[in-house]
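I opened a new page for this protein today. My plan is to look things up one at a time and write down what I find.

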Amino acid sequence: MSVEILDGSTVRSFVEDEPAFNSSVDGRFAALDADRDGLLTYEEMAGELMSLRVLEKHFGVDEAAIQPDELAGLYRGLFARFDRDGSGKVDRQEFRAEMREVMLAVANGLGFLPVQMVVEEGSFLKIAVDREMGQLGKAA
């Protein structure tokens, strides 16, 4: 993990750089595709969905206010967002499209003011920051 300063334009710029964005998303897709069939099942994506910690409230400490079956339903709902055609599996295009929407929502949420954020190595936000820093270095 590292502490980075970023804003919405950093993330938006990364998403708009289609070759860089698709390469990163495709790498994550391949890492999740355990059976290498080019499709992601709920079981293959479950760990990734749970790592989003959508219910986290206080710096890594979750409150146990939700029942396990409700939590499972929440993660199934997230999976359904990716499974746009309702086939029960997510193909590469569906994964790209939903990741694009997720990242643009993050960009909109960040807005134009820079924020300091802890990001995980290899995460899309870390890749976006590193990409921007590389471009700034080329401009200098």
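**Aromatic rings**

The rule I used pairs rings of Phe, Tyr and Trp (its six-membered ring) if their centres lie within 6.5 Å; planes under 30 degrees apart count as stacked, over 60 as edge-to-face and the rest as tilted. By this rule I count four aromatic pairs. Phe-14 and Phe-21 make an edge-to-face pair, with 5.5 Å from centre to centre and 70° between the planes. I looked up both residues for cover, and Phe-14 and Phe-21 are each buried. Buried means under 20% relative accessible area, exposed means over 50%, and partly exposed lies in between (1.4 Å probe, protein chains only).

**Ground rules**

I note that this is a predicted model, in which local features need pLDDT of at least 70 and side-chain atom pairs count only at pLDDT 80 or more, while totals for chains, interfaces and linings use all residues. Residues are numbered from 1 along each chain as its sequence is written, and side-chain values use heavy atoms, with hydrogens and water left out.

**The chain as a whole**

I listed the elements next: the protein chain has six helices and four strands. Helices (H or I, at least four residues) and strands (E, at least two) are DSSP runs, numbered from the N terminus. Along the sequence the pattern reads β-α-α-β-α-α-β-α-β-α. The protein chain has 140 residues, and 32% of them count as buried. I then looked up contacts, meaning heavy atoms within 4.5 Å. Of the contacts with a separation of 6 or more, 67% are between residues 24 or more positions apart. The protein chain exposes about 8400 Å², and carbon and sulfur atoms supply 57% of that area. Accessible areas come from the Shrake-Rupley method with a 1.4 Å probe; for residues, only the protein chains shown count as cover.

**The core**

Which residues touch the most other members of the largest nonpolar core? They are Met-45 and Phe-95, in a core of 27 residues. Helices H1 (8–16), H2 (18–32), H3 (42–51), H4 (68–82), H5 (92–110) and H6 (124–139) each supply at least two residues of this core. H5 gives the largest share, five residues. A nonpolar core is a set of buried Ala, Val, Leu, Ile, Met, Phe, Trp, Tyr and Cys residues joined through side-chain atoms within 4.5 Å.

Arg-96 is buried, because its relative accessible area is 18%. Not counting residues up to four places away in sequence, Arg-96 touches Phe-21, Asn-22, Val-25 and Asp-26.

**Salt bridges**

A salt bridge is a side-chain nitrogen of Lys or Arg within 4 Å of a carboxyl oxygen of Asp or Glu. I get 10 salt bridges by this rule. In one of them, Asp-17 meets Arg-131, with the closest N and O atoms 2.9 Å apart. Asp-17 is in the loop between H1 and H2 and Arg-131 is in helix H6, so the pair ties together parts that are 114 residues apart in sequence. Asp-17 is partly exposed at 22% relative accessible area, whereas Arg-131 counts as buried at 16%.

I looked up Glu-101 and Arg-84 next, whose side chains form a salt bridge (2.8 Å, N to O). Glu-101 lies in helix H5 and Arg-84 in the loop between H4 and strand E3 (90–91), so this pair ties together parts 17 residues apart in sequence. Arg-81, Arg-84, Glu-98 and Glu-101 are linked in a network of salt bridges.

My last pair was Asp-130 and Lys-126, with the closest N and O atoms 3.1 Å apart. Both lie in helix H6, four residues apart, about one turn of the helix. Is Lys-126 buried or exposed? Lys-126 counts as buried, because its relative accessibility is 9%. Asp-130 counts as partly exposed at 40%.
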